[in-house]
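I am opening a notebook on a structure that is new to me. These entries record what I looked up, one topic at a time.

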Amino acid sequence: MAPKKPPCLPSLLLPLLTLLLPQADTRSFIVDRENDRFLLDGAPFRYVSGSLHYFRVPRVLWADRLLKMRMSGLNAVQFYVPWNYHEPEPGVYNFNGSRDLTAFLNEASIADLLVILRPGPYICAEWEMGGLPAWLLQKPEIQLRTSDPDFLAAVDSWFKVLLPKLYPWLYHNGGNIISIQVENEYGSYKACDFTYMRHLAGLFRALLGDRILLFTTDGPEGLKCGSLQGLYTTVDFGPADNMTEIFALLRKYEPHGPLVNSEYYTGWLDYWGQNHSTRSISAVTKGLENMLKLGASVNMYMFHGGTNFGYWNGADEKGRFLPITTSYDYDAPISEAGDPTPKLFALRNVISKDGYLLSFLDILCPHGPIRSILPMTFEAVKQDHGFMLYRTYLTHTVSEPTQLWVPNNGVHDRAYVMVDGVFQGVLERNMKHQLFLMGKMGAKLDILLENMGRLSFGSNSSDFKGLLEPPVLGQTALTQWLMFPLKVDKLVKWWFPLPLLRSSHAQAPSGPTFYSTTFSILGEGGDTFLFLPGWTKGQVWINGFNLGRYWTRQGPQQTLYVPRPLLFSRGALNKITLLELENVPSEPQIQFLDRPILNSTLHKTYIYSLSADTQSPSEPMELSGH
């Protein structure tokens, strides 16, 4: 039975789980129908997931495949549970070895992947009898996938064994399962038996409770018989289908909530005697990009296909009997042998867009901005720490460089100024009081304010943060402000690991931008120190833990202390995220040192490049303690 926290982490890390993870009773994954989105722990969330079937991959390779999925930018894995794989005879159950479902959930947790689970009872999946046990046919008159009492009795018996095993792994219980599918594409089955679907829904609720999100998946033609009130409706389709028409049809069954494609086809299955199926890279990537632009959650089927070992392949009836090949390569982004393909790198590039802070406002400030004629302080909007974005619009065209300044040293403490998303420079308390700007009427002026720490000595006055006076552009005091209190730490926890790619303009000031990547370490190691050569100023997180500020350009401190228990060892995936506020180096990299640089240059380094060749995954690092 899984503990309240995901059991994947080494026991050494357990004391820090309260720092890295929300408590079980605060964890939630729900549908926010009012705003057409998911909420994870109360923050807007969208998953980009991939299908991988543990029963098609040798257990010893599970970790490798899951790690490659996470490093591709995915934040969830979707998989089926084949009934016939676990109950070979009535009442005889096998959850050992390659059938150890709990071990697979554990590996997914180690890889920092959420789970979208599809336990059937029917799964299709091109698997033997669609996952239903052949011994059901020992009753020749049985009506499969209906409310036939014989079928329901067998289903009930199976789920009373399976679902309690899953219960501790539900997200709100501290596990990684965020949603569970009821049946599978039932609308494509001839029976259209709503009594059967209602029975399943009731069974899932009885055994799993009311807090887990239950959903259905159907092709566009199956939504009528496959959807059911009380279960969230999702759809599946591929790159060749009309996304606009299908999502419009989905809205007839699920008028409000996030759009979800539960099976976006990266390839297709193969039949004996026919050519190997392929899907073009351009079509697959274009379709994914279009869905992501809509804000949809997407699962790619398959991300890694694997193999139909033994006698487990299924068959189709399409005018004639068509048995499916042993290979389930599926032309997937990760090949049958586990190799990354050109399709993987193309898809990763779609996911891996640089994370400009302004692009994340809906997530950083989920309740929307506060409006005021004059700018308000952090304290006035109940923002204690971190960052707040102030936004207004130019009321006239400024065609010549014109002074922007804040009277009475009114920047507390550091302001990053952007016009229509282009970084202009910094205003700083007591140090830098003016910038020169141009912009057309209606141009968007954004000022990101950083709280650098309230006075603790030397003054008895209250140290308010933010814009204490309205900024002045030329001779005009700027009014009509929108203020976005930013919840940066929540974004960092679930934001995808996006590799930073080389670009021709990397030397230009980029403004406030998130960068993230993943790395693994060899052995246990010890404490270490993070060095960010060439980076300018910002905030850094490791595995969701806020290490603090870096200010490499200013000094004297050049490294940040990384306590050993924050790092996952033995090949587990670590995530580092930086909010660089000004300028990223042209050759961005991070280094782990065996001693600090507080005002010295003697150090031993272990380098992990954030701009490494995207065709090769990162190599694990060895970290020596101090």
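**Entry 1: the annotated residues**

I began with Glu-263, which lies in strand 10; here helices (H or I, at least four residues) and strands (E, at least two) are DSSP runs, numbered from the N terminus. Before going further I noted that this is a predicted model, in which local features need pLDDT of at least 70 and side-chain atom pairs count only at pLDDT 80 or more, while totals for chains, interfaces and linings use all residues. I also noted that residues are numbered from 1 along each chain as its sequence is written, and that side-chain values use heavy atoms, with hydrogens and water left out.

The unreviewed UniProt entry carries the annotation "active site" for Glu-185 and Glu-263. They span 79 residues in sequence, yet no two of their C-alpha atoms are more than 10.6 Å apart, so they gather at one spot. I keep in mind that UniProt positions are given in the numbering used here, that feature names are shortened, and that annotations may be inferred rather than shown by experiment.

Is Glu-263 buried or exposed? Glu-263 has a relative accessible area of 4% and is therefore buried, where buried means under 20% relative accessible area, exposed over 50%, and partly exposed in between (1.4 Å probe, protein chains only). I then listed its contacts, a contact being heavy atoms within 4.5 Å. Leaving aside neighbours within four places in sequence, Glu-263 is in contact with residues including Tyr-80, Arg-118, Asn-184, Glu-185 and Tyr-301.

Glu-185 is found in the loop between strand 7 and helix 6. Not counting residues up to four places away in sequence, Glu-185 touches Arg-145, Thr-217, Asp-218, Asp-236, Glu-263 and Tyr-265.

**Entry 2: the second largest pocket**

I next looked up the second largest pocket, which has a volume of about 950 Å³. On a 1 Å grid over the protein atoms alone, a cavity is a set of points where a 1.4 Å probe fits but cannot get out, a pocket is an open set with protein on both sides within 12 Å along at least five of seven lines, and lining residues have an atom within 4 Å of a point. Grid points are joined across faces, edges and corners, and a volume is the space filled by probe spheres set on the points.

Which of the 38 lining residues are the closest to the centre of this pocket? They are Tyr-122, Cys-124, Glu-126, Ala-315 and Asp-316. The elements that give two or more residues to the lining are strand 9 (232-237), strand 10 (260-265) and strand 12 (315-317), and strand 12 gives the most, with 3 residues. Both Glu-185 and Glu-263 are included in the lining.

I wrote down the lining's make-up as 21 nonpolar, 6 polar and 11 charged residues; Ala, Val, Leu, Ile, Met, Phe, Trp, Tyr, Cys and Pro count as nonpolar, Asp, Glu, Lys and Arg as charged, and the others, Gly among them, as polar.

**Entry 3: the disulfide**

How many disulfides does a search of the whole structure find? The search finds 1, a disulfide being a pair of cysteine sulfur atoms within 2.5 Å. Cys-192 and Cys-225 form it, with their sulfur atoms 1.9 Å apart. Cys-192 lies in the loop between strand 7 (177-181) and helix 6 (194-208) and Cys-225 in helix 7 (residues 223-226), so the pair ties together parts that are 33 residues apart in sequence. The torsion about the S-S bond is about -90°, so the disulfide is left-handed.

Cys-192 counts as partly exposed because its relative accessibility is 24%, whereas Cys-225 is buried at 16%.

In the loop between strand 7 and helix 6 I also found Gly-187, which is buried with a relative accessible area of 17%. Leaving aside neighbours within four places in sequence, Gly-187 is in contact with Asp-218, Gly-222, Cys-225 and Gly-226.

**Entry 4: helix 10 and the whole chain**

Helix 10 (residues 342-351) is mostly covered, since 8 of its 10 residues are buried. What covers these buried residues includes strand 4 (48-52), helix 2 (62-71), helix 9 (281-293) and strand 11 (297-304).
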